[in-house]
Structure formats: C-alpha cells, structure tokens
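Reader: I would like a close look at one part of this model, namely the charged pairs between side chains. Could you take me through them with some care?

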Amino acid sequence: MGNPERLSQQTVDRIVEKIHSTPFAFDTESDGPNLLGKKMLNVYHSRLVGFSICFLDKPSEGFYIPVAHEAGNAPLWASMRILRAVQETKVQVWAHNWKHDGKVLALEKFGVPINCCDSLILMWLLCYDANGRFGLKDLARKYLDIEMTP
C-alpha cells in the first residue's frame, strides 16, 4: 500500500469499492491492559491502533492501516471512510474472533458487517481435536503448516 500517511483519495476510493464487491479478511490491532491473569487484552480498556484487510481474490496483497501509532498513521478521513465501508458492506468479511474485533470497533463507534464470518467459531464447531488451542497461530501451524510471525 505504500506510505499510509499519503493515502490518496483515489486509493481510498479503490479500497472502498473493493470492500463492497470482494470478500475479504479483516483484523483489528489494539492495545491496552491484559485481563487479570490472562494473556488476552481487556477490550473494554483497549483502543484501536490499526486494522488490516486482505481481499480473498489476491491474498498476497493484504495491507495494514495504522491509526494510533506514534508516527506514520493514515489520515483520519481515510481510516474512517474505510472502516465505515467495512461496517456497511454486504460481502463476506472473515475474521478470527469477531467478538474481540467487534468490541474494538464498537469503542470507535463502528459496528460489525452484516455478513461477518468467524474462523474461530468454525474451529469450535468443526475441530473437536484442537485440544483447546484455537488461536490463529496454533491453527495455522497445525492445519496449514505455516509459522506466523509474532
């Protein structure tokens, strides 16, 4: 995607158009305190720091939009327009744990798309042999033989 600080109107238009026409994977990145005694974030005290989108027709061309980093953030108008399109799209939007992503989006006054699909729920339903390990990194390692970066 290049430098997020220089997102052009034309680039945002193309992203929004594709959000409304092509199924994609979506993920939020957030920060905040962990739940007491847990490795997971307390989403009620978290904030959105960025989000990623990967269109399913070109999975090697995903991109990340930083919104609350120390530097290098996308313009506010661009990130808000893209998040609004994610909320309003009718195409399938895949995430791994929409419960978390939805709460993070809600803190920013956005909702989840109507056609949200959750790989975590599918794993709970289909993979009774996962031994309670349903994290995306665990699943990628076990079923795709892929080591995800930390």
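Author: A salt bridge is here a side-chain nitrogen of Lys or Arg within 4 Å of a carboxyl oxygen of Asp or Glu. The model is a predicted one, and the structure holds 3 salt bridges by that criterion.

In one of them the side chains of D31 and R47 meet, with 3.1 Å from N to O. Because D31 belongs to strand β1 and R47 to strand β2, this pair ties together parts that are 16 residues apart in sequence. D31 is partly exposed, with a relative accessible area of 30%, and R47 is likewise partly exposed, at 40%.

Another salt bridge joins D13 and R81, whose closest N and O atoms are 2.6 Å apart. Here D13 lies in helix α1 and R81 in helix α2, so the pair links parts that are 68 residues apart in sequence. The relative accessible area of D13 is 31%, which counts as partly exposed, while R81 is also partly exposed, at 27%.

The remaining pair to describe is that of D57 and K18, whose side chains meet in a salt bridge at 3.2 Å, N to O. D57 sits in the loop between β2 and β3 and K18 in helix α1, so parts that are 39 residues apart in sequence are tied together. D57 has a relative accessible area of 46% and is partly exposed, and K18, with 23%, is partly exposed too.

Notes:
Residues numbered from 1 in each chain as written. Predicted model: local features only at pLDDT ≥ 70, side-chain atom pairs only at ≥ 80, totals over all residues. Heavy atoms only, no water. Helix = DSSP H or I, 4+ residues; strand = E, 2+ residues; numbered from the N terminus. Buried < 20%, exposed > 50% of the residue type's maximum accessible area, 1.4 Å probe, protein only.
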